[in-house]
Amino acid sequence: MTRKFLFVLGSSRPEGNTEVLARRAAEQLSPDVEQRWLNLADHPLPDFEDLRHDSDYVRPSGDSTATLLDATVEATDIVIASPLYWYSVSATTKRYLDYWSGWLRIPEVDFKATLAGRTLWGVTALADEEPVVAEPLVGTLRNSAAYLGMRFGGVLLGNGSKPGDVLKDERALTEAKTFFAQEPPLARFAYEN
């Protein structure tokens with residue numbers, strides 16, 4: 001099966017530190033690996049409406065929701081590239097993940113079974129020197145992957161606040177060279193370890 005990477009960009013700033021770091025990591029992928037880059041700012045989603053107890057979900061068509069759903073289910077590897085905003089993912093990234101709840105309830109998509117065994121990755125830039133402050137973001141992605149039976153490749157962390165700062169983070173740039181080369185394990189909730 002040909003690997004298809006979907007890079008979901010969740011920054012409010014185009015070509016910010018998170019995107020720069022994600023692109024550095026993506027440069028290392030083999031040329032036969034498909035890459036699709038979608039910026040959530042270019043594919044805005046309305047506020048998520050939880051309809052579980054009110055009506056059925058229908059498969060969207062012809063809008064940003066449909067574009068993101070189709071790209072998500074077609075990908076073998078999903079990379080959430082979100083800066084660390086208030087110790088978690090950005091608002092647009094969180095909204096995208098909220099939509100996964102609705103997509104779980106579209107019968108013809110079979111979202112959970114489709115994503116099971118695929119891989120979720122994260123890339124983030126943070127202004128803090130201590131990587132532990134990104135744990136809420138890492139936990140969000142790891143737990144989402146665990147719930148769906150996905151593999152979790154972890155989160156590539158870079159340091160940077162002003163545009164271009166991440167290019168000074170030698171550790172992150174070195175890690176980016178092999179980040180996608182690892183064989184990620186099946187995601188587990190923290191209580192399962």
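These questions and answers cover salt bridges and pockets in a predicted model.

Visitor: How many salt bridges does the structure hold?
Guide: Side chains of opposite charge can pair when their charged atoms come close. The cut-off here is a Lys or Arg side-chain nitrogen within 4 Å of a carboxyl oxygen of Asp or Glu. Under that rule the structure holds eight.

Visitor: Asp 77 and Arg 3 form a salt bridge. How many residues apart in sequence are the parts it ties together?
Guide: The closest N and O atoms of the pair are 2.9 Å apart. Asp 77 lies in strand β3 (residues 77-81), and Arg 3 lies in the segment before β1 (4-9), so the bridge ties together parts separated in sequence by 74 residues.

Visitor: Which helix holds both Asp 98 and Lys 94?
Guide: Their side chains meet in a salt bridge, 2.4 Å from N to O. Asp 98 is partly exposed at 24%, and Lys 94 is partly exposed at 41%. The two are four residues apart, about one helical turn, in helix α3.

Visitor: Which residue is linked with Asp 169 and Arg 171 in a network of salt bridges?
Guide: The side chains of Arg 171 and Asp 169 meet at 3.6 Å, N to O. Arg 171 is partly exposed at 43%, whereas Asp 169 is buried at 11%. The network that links these two also includes Glu 175.

Visitor: Which elements give two or more residues to the lining of the largest pocket?
Guide: The largest pocket has a volume of about 290 Å³. It is lined by 18 residues, with Pro 83, Leu 84, Tyr 85, Ala 125 and Gly 160 nearest its centre. The elements that give two or more residues are α1 (17-26) and β4 (119-126).

Visitor: How many residues of that lining are charged?
Guide: The lining of the largest pocket divides by class. Nine residues are nonpolar and seven are polar. The charged residues number two.

Visitor: Where does the largest share of the lining of the second largest pocket come from?
Guide: About 230 Å³ of space lies in the second largest pocket. Its lining has 13 residues, and those nearest the centre are Phe 48, Leu 51, Tyr 57, Thr 65 and Tyr 99. By class the lining has nine nonpolar, two polar and two charged residues. The largest share, three residues, comes from α3.

Definitions and conventions
Residues are numbered from 1 along each chain as its sequence is written. This is a predicted model: local features need pLDDT of at least 70, side-chain atom pairs count only at pLDDT 80 or more; totals for chains, interfaces and linings use all residues. Side-chain values use heavy atoms; hydrogens and water are left out. Buried means under 20% relative accessible area, exposed over 50%, partly exposed in between (1.4 Å probe, protein chains only). On a 1 Å grid over the protein atoms alone, a cavity is a set of points where a 1.4 Å probe fits but cannot get out, and a pocket is an open set with protein on both sides within 12 Å along at least five of seven lines; lining residues have an atom within 4 Å of a point. Grid points are joined across faces, edges and corners, and a volume is the space filled by probe spheres set on the points. Ala, Val, Leu, Ile, Met, Phe, Trp, Tyr, Cys and Pro count as nonpolar, Asp, Glu, Lys and Arg as charged, and the others, Gly among them, as polar.
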